Amino acid sequence: MRLSKRHYLIFLGPTLLILLVMLAFPTGYVLIVSLRDFQLTNPTAGNPFVGLENYRTLLSDPAFFAALWKSVLFTVASVALTFVLGMAIALLLNRRDLWGTGLTRTVILVPLILTPLVIGATYRFMLERDNGIINEILAFVGLERIPFLASSAWAMISVILVDAWQWTPFAVLVLLAGLESLPVEPFEAARMDGASRWGEFWYITMPLLAPVIAVVLLIRTMDAFREFDKIFIMTGGGPGTATQTLPIFLYRAGFQDFNMGFSAATGVVMLIIVTLVSSLYVRRIHSAGE
Amino acid sequence: MVDQETPEQPRAEAKPRARQPKRARWTLGRALAQVAIVILVVVSLFPFLFMLRVALSSARDYLSGIKVLSAPLTFENFAEVYGSTDLGLYLLNSSLYSVLTTLIVLVIGSMAGFGLSKARNALVRDNVMFFVLSTRMGPPVVFAVPLFLLLTNLLLVDTRAGMVLVYTFYNLAFAIWLMYGFFSEVPPEIEEAALLDGLSPLSVFRRISLPLVVPGLMATGILVFIFTWNEFFYALVLTRDVAKTFPAMVPQFFGAFRVDWGQMLAASTLGVIPPLVFGLLIRRYLVRGLSLGSVR
């Protein structure tokens, strides 16, 4: 079915209008502001044009690289954990000899539906040193209390685990959909040849599932990289800067220090990173669709 | 086909349960797998049940350690949070935004998805899709400042209209992405035939294609509803008072010196019920949207 230009305009017009206003303007504005000395705390200064000064400041700021490193750490750890757990659980739920797999498929939707901010807030209480239920249980069985959110190393581990808790079900759903669409013939052939379960998994399941796996990894990477809500409410980036990932760094620069030029430059750098990764994603989808 | 299999439906090649051989031979592996399933259920539900338990306890009980699990039930947190905050208003705002945004996004998004699925020029189509997708990938934190200034200029900061506009933008890309896929699965012969019968492209869209993708509309709709309901960052930055949503009110329970956990979790309980009820009621569509949106 071929559409005329006029009809394309009718179908796509509203979308283009909204994206133009809500996307082109903000992106252009961020670019412009990133080239100016723009301090909300100093309105009389007149936001002079400073060229690439903000970028120079940013790229010589150790705090930026620290935040970038935290972001990479958080993203890699959360994505890896989500994927490994997600794969294990998907294989588990794909078995037909277990009781309760149907119910479990419904139950694992709960973490995906719950408001991320509420998840963060609830875990913050659960992980408290005193009165937090997890430490209370540890103490009850005679173990040492753990400073989940008070020590730098544990705070990072905690936010990663909570992120993985929320998103593992997503990996499970997508991988299960992939597992269920696999052809049966290769598995039958392998069984006839006497392949082990483990060999079957490595040499048949994994390669056949590769396109689905790639998509899970890329979507999760993108989402983890821009995660804000749970870290914001659990640690606020702390203690100190222990969990200060790029989005938190950006938020602090823009909305606590009101250094708009600097925060805009950070935003541009983040956009570049995200665009690079998402172009990878689209190419992947594209090649998978052919 | 449009109405494809969802994970809940049994696989085509799977044997019916009644014919399952050697019903229950308990090997060690199977027993361990069964234990893993139980642990999985407990871990998935624990935070929600804990939230409910604290919300229904008095402060004395939830601050006395493990005893909270067996404390007497009380609704005092709910009464207090309802009496002392504007929770009712915020829940109403959240409902309003979620419902309106879902409707608007479904209309605009299905039109765009339909139009794109008919594009012959792959280069144009892919570039538009990439453009559309980049709005989904863009971190909200990057766009917050310019959107704030944009809404200020339009006199829309802290207004309900402004928030519906922002949330429409926030969800549109994802909806187009999904609807594009659903429309691509409609057999072209049906549309061609309708066109030959003298229907205009708009009528083909409305009377032929759209009814065929109703399951897709449901899947997209439930996701948009949940995303809008749960959105926090824009609500935090773009609202102050009148237009505030439920997630944006949660931080106000975190005082400098103490946190009112009971009230916070009582408010949270009320706040997570709508998406939870909708999501679980039509979980078939939710699962389809989540898994298909990424696999294709």
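My notes below go from the chain contact to the core and then to one helix.

Entry 1. First reminder to myself: this is a predicted model.

Entry 2. I looked up where chains A and B meet. Chain A puts 84 residues into the contact and chain B puts in 78. On chain B's side, helix α1 (residues 28-55) gives the largest share, 13 residues. I also sorted chain B's side by type and got 54 nonpolar, 14 polar and 10 charged residues.

Entry 3. Next came the largest nonpolar core, which has 156 residues. Which members touch the most others? I found Val172(A), Leu175(A), Val166(B) and Ile176(B). Helix α7 (residues 160-184) of chain B supplies the largest share of this core, with 18 residues.

Entry 4. I picked Val172(A) and skipped its neighbours within four places in sequence; its contacts are then Gly86(A), Ile89(A), Ala90(A), Leu93(A) and Ile108(A).

Entry 5. Helix α9 (residues 201-212) of chain B got a length check. With 12 residues at 1.5 Å a residue, it should span 16 Å, and its end C-alpha atoms are 15 Å apart, so the two agree. I listed its buried residues as Pro201(B), Val204(B), Phe205(B) and Ser209(B). Down the axis of α9(B), they fall within an arc of 95°, so they line one face. Turned away from that buried side are the exposed Arg207(B) and Pro211(B).

Entry 6. What covers the buried residues of α9(B)? The cover includes α1 (5-33) of chain A, plus α4 (87-117), α7 and α8 (188-196) of chain B.

Note on methods. Residues are numbered from 1 along each chain as its sequence is written. Chains are lettered from A and ligands numbered from 1 in the order in which they are written. This is a predicted model: local features need pLDDT of at least 70, side-chain atom pairs count only at pLDDT 80 or more; totals for chains, interfaces and linings use all residues. Two residues are in contact if their C-beta atoms, placed from the backbone, lie within 7 Å. Helices (H or I, at least four residues) and strands (E, at least two) are DSSP runs, numbered from the N terminus. Ala, Val, Leu, Ile, Met, Phe, Trp, Tyr, Cys and Pro count as nonpolar, Asp, Glu, Lys and Arg as charged, and the others, Gly among them, as polar. A nonpolar core is a set of buried Ala, Val, Leu, Ile, Met, Phe, Trp, Tyr and Cys residues joined through C-beta atoms within 7 Å. A residue is buried if 20 or more other C-beta atoms lie within 10 Å of its own, exposed if 12 or fewer, and partly exposed in between; C-beta atoms are placed from the backbone. The expected span of a helix is 1.5 Å times one less than its number of residues. The arc is that of the directions from the helix axis to the C-beta atoms.
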